[in-house]
Every structure is written in structure tokens, then in C-alpha cells.
Amino acid sequence: MLDIQFIRENADVIKEGARKKHVDIDIDKLISIDDKRKTLRGQMDEKKAEQNRMSNTIMRAEGDERQRLVESMRHVKQGLSELEEQYKAVMQEWQLLMLQVPNIPDFSVPEGESDAQNETIRTWGENPTFSFPAKDHIELMTKAGMADFERGGKVAGFRGYFLKGDGVLLANAVSQLALKHFMERGFEPMMVPSLVRRETFLGTGYLPQGEEDLYKTQDGEYLAGTGEVATMGYYMDEIVDGAQFPMKFLSYSPCFRREAGSHSKDTKGLIRVHEFFKWEQVVLAEASHAGSVELHEELTKNAEDFLQLMKLPYRVVVNCGGDLGLGQVKKYDIEAWMPSQDTYRETHSSSYFHDFQTRRLNIRYRTPEGKLLFAHSLNNTAAAMPRLLTMLVENYQQEDGTIRVPEALVPYVGKQVLGRPA
RNA sequence: GGAGGGGUGGCAGAGUGGUCGAAUGCGUCAGUCUUGAAAACUGAAGUCUCGGAAACGGGACCGUGGGUUCGAAUCCCACCCCCUCCGCCA
């Protein structure tokens, strides 16, 4: 959510931002509703003031005088309740629109409608070449006893899977390496709830727009698609200690996604699943654009370093306007090389929000001058499993169907080769 | 699941219909004292919002939303959350 004052003063910038993000929103309508809101508010305040004055007089009055005053108060009240009703209606419309106003994308964000227009800004590593017919992760993992998709489907339905044997070892190893790697960079590890109340989803910007992609319980909670939701909710409605900035959290959680809009995409394998596990970098920082930009680069680099540790070739793309979420100012996707698809697939998504999320969540801090400000927030994937495993097994596959373990993971896996020769 | 208790400022905690935006204590900040610090003493300080250049003035905020009343932190209803005990389960 943006500040209404800011929206009013910068309507053109907001409109331009919405256009760039391909978000359909009528800012002029919002402003005219806000005019109504302000007028009504003013009228209500005046009535209220009158009422307060009168009830003060009534308190002191006695007998007939009092009776008369109480009587005339009734008229004041009637006018007020009419105003209140109008105000309520206006506010409803106001809030609905306010939740839809997108944050302004950064100047450096390229134009474009969908991920097809994302721009590659750098690549790292060398894509493997195979002297034999390379297999995809489904075949590799199935044969190596690392995953079972058939029984996954039987038990869990569409997109269901079991990880087993060396697949579990590898997932655990990646998880442990991630924990070590990010803790070294000052992140505090957290295990956070996935079952989260609606409020926090509104605050992080996943609702009201993302209703379709969320699982919901019969008790009204939602299942989070990322640990970011609970982590951001952690300090909801609090004034945090600004001296601790930047606060860096490494959140672990199961993640659930309905993938409602992607039924035909990645229907096989571990690329797109309904439930998975993820370490997520989440940061709260002081309200400074320059600071956010710097941290954004840092979070991105953290993830790149992690992929480099495992020697996975990757590229970094800057997402175009149309591929940005409502609250995101700028986003980089990091995509690792996927031999079976002859392309890069997303492993990390790094973005910053300015105070878009913290305004909704009401997370503030006090500046040294004593001013209360909304903090800035950022996040980026740290390690998503099992998706990351698909790149690992495909890039490190050998002719006999076994999989070499990247050196950095060997201590955690406990061996150098996964699977058994065919 | 059953029974009960409770949600008040940064924190603790009073307040059960009328100058209550809210006592008191702790903490915070400024000053006095001190070579410096501590202690002691003196003083300051909530948040949001509207008008205003400012001084200042209006309005809102005591978990959330409704209601009763001329007037609600205080009474009534619903919901959310926390705590204690019992039961059940891990």
C-alpha cells in the first residue's frame, strides 16, 4: 500500500508506474473518492466537536435546561449518523482501491508485458556438454531411487512426489549448506509457520489478489506459499528497534502453492509442485532507497554465491514491469541451467518493496531524531527444494546414470556419487 | 471439547457511565549536582488525522466490529487473541 498523500501529490508517477506494470487501476477515481472521504471526515469532525461541546454542557445543566439540551442533541446526532453511513460506504470503496494501487517500479526496470521481456544482465559458469544422451531429472532421479513420481501421484494427486534415498540426502545437504552459507552472512535462522492468518497475507500483498493461488483451511487460515509471509508478520503492528537494521532472517518453511494459473506448465517432475521446502532471505531495513538498492544487490549476490558454491551455471535477469508483483519495486530472477530443457529455470527471486509491505503490516521504527517511519523490506530465495535438486542432478549426471556430488555438498551428503550404475 | 480469568501508553499496572488521552511505577530524553559516571532532585515526552507558515486548535484511538446512552476504556452483543484448570491427543 502506498501513502494516499503521496498518491495525491504524485498521481502522474503512479499512473506511469501502473502502466509499466500493466496494472489496470483508475487513479483519478481513487482521488475523487478520497476527496469525498476528506469532505465527509471534515463534516463529521465538526459535528463531533459540537456534540462534545454540548454533552459537556449537559453534564453541568440541571432540570428543564438539561431536558431541553438533551432534546436538541438528538438532532445533532441524527445528522451525524447520516454522515457516518455515507463515510462507511466511501471508505469501503476507498480501501478496495487502495489495496490495488501498485508500488512504483524503479527507473531501471525494463518495459515489457511478461517474463519473455525480462533482460539477462549476467551469466555465470559454463553449461555442461555431455558426450552421451543426457537424461532429464525425472528419469535420473527415478532410476537412482531418489524420487518416486508414480506413487507420488497415487498418494498425493497431481504434482505429487516422494523424495527418497539419495534424493533425501541431497535435499538435506543443500539445506545444510544453505544454513551455513547464509548464517555466515549475518542471517538469523528461523522456522516459521506456514499456516497463517489472512491479515498477514494482506500485509505482504499476496491478498486480496492472490486468493486463487492459496490453499485455505476450513478454519479460515491460509497455507503460505513462502516463508516470507510469516516472517514479515513477525513484527506486524510493532515498533522495532532501528538500531538493529538491517535485520536479516533466514526462514525455513514448507510452502504450498495451488498453481491455479499454471495447469499446463511443468506438469511432470519437480520443477513445479504443490508443496515444497524453502529457505528464504527476508530483510527489514531503514527507509532509504539507496539502502534498499544496496541490500537488494547483496541478497542477489548471496544467492549467486550459493549457486557458485555448488558450481551451477546460472544467469541473472532483471524482470520487466509486467512481470513484477504489485508491491515490488524491482526484481531479479536467478535462473540455473537446466540441460534437459536447454534453458535456464528460476531458482531464486530477489526483490525489494520500499515500505509497501510494512505500511500494510504497520511495522515502524524510530529514527534517531525521534520520527516514526515505516521500515523497508526485501526478500530473496535462499534455497528451494526440491527444485534446486533438478538442476543439480541434471548438470552433474554421468553416462551411467549416477550423479556426481558437487564438492561443496560432499561433506553433507557423505559421499561423492549418488545412485547406482545402471 | 468443557469451565473460568483476561486484553489499557515502550513495559508493568490502576481505572466499572461525565474535564480520562487516561493515576502510579519502571524505562526513555533534557537539566541541576559531579573531574566523569552513578545516585538524588527538577522537568519533558503517546500515535494517527484535519486546518494552519507557525503558535495553536478540531477529531479519532484503551484487542476488533457493532449496539445502548445526551455522554462509553467503563454497560450489552459478536468475533479475534492470550492465560489457568479439566479432558483428549502427540
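Modeller: Two strands are taken to pair if DSSP finds at least two bridges between them. The model discussed here is predicted.

Colleague: Which strands form the edges of the open sheet of 3 strands?
Modeller: This open sheet has the order 8-14-15, with mixed pairing. Its twist averages 40° from one strand to the next. Each edge strand pairs on one side only, and the edges are strand 8 (238–240) and strand 15 (372–374).

Colleague: What is the order of the open sheet of 8 strands?
Modeller: The pairing in this sheet is mixed. Strand 1 (119–124) and strand 4 (188–191) each pair on one side only, as edge strands. Neighbouring strands are turned by 25° against each other on average, direction ignored. The order of the sheet is 1-11-12-13-16-10-9-4.

Colleague: Which residue in strand 9 is the bridge partner of Glu188?
Modeller: Strand 4 and strand 9 (residues 247–256) run parallel and are joined by 4 bridges. For Glu188, the bridge partner in strand 9 is Phe249.

Colleague: Is His181 buried or exposed?
Modeller: His181 is placed in helix 7. Neighbours within four places in sequence aside, His181 is in contact with Asn302, Asp305, Phe306 and Leu309. Because its relative accessible area is 4% and the cut-off is under 20%, His181 counts as buried.

Colleague: At what distance does the polar contact join the side chains of Asn319 and Asp333?
Modeller: Asn319 lies in the loop between strand 11 and strand 12, and it counts as buried because its relative accessibility is 0%. Residues up to four places away in sequence aside, Asn319 touches Val109, Pro110, Asn118, Leu324, Lys331, Tyr332 and Asp333. The polar contact between the side chains of Asn319 and Asp333 is at 3.1 Å.

Colleague: What separates the C-alpha atoms of Glu139 and Glu394?
Modeller: Glu139 is found in helix 5 (residues 137–143). At 32% relative accessibility, Glu139 is partly exposed. Glu139 and Glu394 are 255 residues apart along the chain, and the separation of their C-alpha atoms is 9.8 Å.

Colleague: Against which helices do the buried residues of helix 2 pack?
Modeller: In helix 2 (residues 11–21), the buried residues are Ala11, Ile14, Gly17, Ala18, Lys20 and Lys21. An α-helix has 3.6 residues a turn, so residues three or four places apart point the same way. Helix 2 is followed by His22, with a positive phi near 60°. The buried residues of helix 2 pack against helix 1 (4–9) and helix 3 (27–60).

Colleague: How many residues surround RNA strand B?
Modeller: The closest residues are Asp45, Met59, Arg66, Met73 and Arg74. Sugar and phosphate account for 75% of the atoms of RNA strand B that come within 4 Å of the protein. The surrounding residues comprise 6 nonpolar, 4 polar and 9 charged. The number of residues that surround RNA strand B is 19.

Colleague: Which element gives the most to the surface near RNA strand B?
Modeller: A polar side-chain atom of Arg41 lies 3.5 Å from a sugar or linking oxygen of RNA strand B, and for Arg197 the corresponding distance is 3.0 Å. A polar backbone atom of Ser55 is 3.2 Å from a base nitrogen. Two or more residues come from each of helix 3, helix 4 (63–98) and strand 14 (363–366). The element that gives the most, with 9 residues, is helix 3.

How values were computed:
Residues are numbered from 1 along each chain as its sequence is written. Chains are lettered from A and ligands numbered from 1 in the order in which they are written. This is a predicted model: local features need pLDDT of at least 70, side-chain atom pairs count only at pLDDT 80 or more; totals for chains, interfaces and linings use all residues. Side-chain values use heavy atoms; hydrogens and water are left out. Buried means under 20% relative accessible area, exposed over 50%, partly exposed in between (1.4 Å probe, protein chains only). Contact means heavy atoms within 4.5 Å. A residue is near a molecule or strand if one of its heavy atoms lies within 4 Å of it. A polar contact is a pair of N or O atoms within 3.5 Å; within protein, one must be able to donate a hydrogen and the other to accept it, and residues adjacent in sequence count only if both atoms are side-chain atoms. Ala, Val, Leu, Ile, Met, Phe, Trp, Tyr, Cys and Pro count as nonpolar, Asp, Glu, Lys and Arg as charged, and the others, Gly among them, as polar. Axes are lines fitted to C-alpha atoms, for helices over the stretch in contact, and angles run from 0 to 180 degrees between N-to-C directions.
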